[in-house]
Amino acid sequence: MSASVCPAVDNSFGPYAGSCRGGFDFTLLFEETILSLLPLCLVLVVVPWRALYLVRRTTKVDGTVLLPSKLVLYASYAVLQVALIALWANPAAVRTRTTIPNAAVGLVGFLALALVSFLEHQRTLRPSMLLEFYLLFSLLFDAAKVRTLWLQGYNNNPAIVSTVALALKFLLLVAEAQTKRKSLRIEWKSQSPEATSGLFGKSLFLWLNQTFRRGYSNSLSVEDLLQLDKHLMAHYLFEKLQQPWSNIAKKSPRSLLILFFSRLKWRVLAAVPPRLALIGFKFCQPFLIERAISFNRQPINQTSTNQGYGLIGAYFLVYTGIAVTMGQYQHLTYRSITMARGGLISMLFAKITFVKANAADPASSLTLMSADIERITNGWQTMHECWANPIEVGIAIYLLERQLGPACAIPLGVAIGKLNILVKHRVPLALSWIKA
């Protein structure tokens, strides 16, 4: 496609830019709207509510050089956005119909993000998850847009400024990811490393590194373990659950289950987003394999080389996503299980304290403290699979139907048959074991 046609292509939504720039690029309009404006607008919707919440919180961090450094980076980025607006407003610049609005919203958005960064730094224990999440993904999206500007060949000045802005955004991400543990005020110094970790620390479990280092060099003792998060402590869970349980006048067999889900619902639901993301990443694999097989049959040229690099990046993103989302899903699930177990055991201890010695069967109490709680916690390990597995089965059957047609029903029938046999024989055995 001739260079004179590419500006018109870039001014269309696309998203594919056709044969422009080697046939492996998005249109500039798509990058400005979907990869730039949309994420920023979504964050700006959350910013006012987050700022109002933080204003009501107490200051938890003493003054350090990190906060002024962040504000200087935000101010520098805003200056670059002003320069970009001026460059794009030049009549000689080849732009799309959203280029100047995109730069203007970027300027206003980063001024709002600077305010949130100031509040997050002073009034929270951990780095801002909101800012880290946005900066990470916008960094990847901006890298694609900068590549487009350089490959165009006729917007060199905006490309230079955008490249510097991309480097500044990377420095902002590094600054926002820094923990504030050393600068916490005295009353907050005892917080667990998990409670003070940000997006990268939590996603990669970096807060466990100090425990691993101690374990590799010495034998671990109880004193070497990390400070427990307050939400996992027995006294916190007892206070959260015992009073509502006492307020239930007429208790039914499901009252305890309903109480736990009502009081710990956000802890339980926290595992839903990573589980949904895990489903998405899992089902990216067959498409990647199918594309890799077809790519292997293509002749080697510039277009196939670019597509190969794209496949490498896609594989990296998918398998990194699977690792991170699986880790977070399991971590958040077992965290809610730990809270349920801690709450149940503390409530049982409180009950036993007020029961006369001859009023209860010691064997029944022992069963509650061991077998029953073990069954509850084991059941909770797969509670999210109850809704996730039907979704996965539905998607898998649909993908099989595309390849096999009606024959896709055969594995579904085999699975249902095995499930019926398992339920028929295992449930009576489990009941017999519990009674014994």
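**Close-ups of a predicted model**

**View 1. Helix 6, from residue 156 to residue 176.** This 21-residue helix reaches 30 Å from first C-alpha to last, close to the 30 Å expected at 1.5 Å a residue; the expected span is 1.5 Å times one less than the number of residues. Helices here are DSSP runs (H or I, at least four residues), numbered from the N terminus. We're looking at a predicted model, where local features need pLDDT of at least 70, side-chain atom pairs count only at pLDDT 80 or more, and totals for chains, interfaces and linings use all residues. Residues are numbered from 1 along each chain as its sequence is written, and side-chain values use heavy atoms, with hydrogens and water left out.

**View 2. The buried side of helix 6.** Buried residues (under 20% relative accessible area, 1.4 Å probe, protein chains only) include Pro 158, Val 161, Ala 165, Leu 168, Leu 172 and Glu 176. An α-helix has 3.6 residues a turn, so residues three or four places apart point the same way. Among the elements covering the buried residues of helix 6 are helix 3 (66–89), helix 4 (99–123), helix 5 (129–152) and helix 7.

**View 3. The largest cavity, about 310 Å³.** Searching the whole structure turns up 1 cavity of 30 Å³ or more. A cavity is a set of points, on a 1 Å grid over the protein atoms alone, where a 1.4 Å probe fits but cannot get out; lining residues have an atom within 4 Å of a point. Points are joined across faces, edges and corners, and the volume is the space filled by probe spheres set on them. Of the 27 lining residues, Ser 36, Tyr 77, Gln 81, Asn 102 and Lys 145 lie nearest the centre. Helix 2 (28–55), helix 3, helix 4, helix 5 and helix 6 each give two or more residues to this lining, and helix 2 has the largest share, with 7.

**View 4. The second largest pocket, about 600 Å³.** A pocket is an open set of points with protein on both sides within 12 Å along at least five of seven lines. Here 20 residues form the lining, and Trp 245, Leu 256, Phe 260, Leu 344 and Ile 376 lie nearest the centre. Helix 9 (234–246), helix 10 (255–263), helix 14 (302–353) and helix 15 (362–380) each contribute two or more residues.

**View 5. Phe 205, in the loop between helix 7 (199–203) and helix 8 (209–217).** Phi of Phe 205 is near 55 degrees, a positive value in a residue other than glycine. Most residues other than glycine have a negative phi.

Definitions and conventions:
Buried < 20%, exposed > 50% of the residue type's maximum accessible area, 1.4 Å probe, protein only. Contact = heavy atoms within 4.5 Å.
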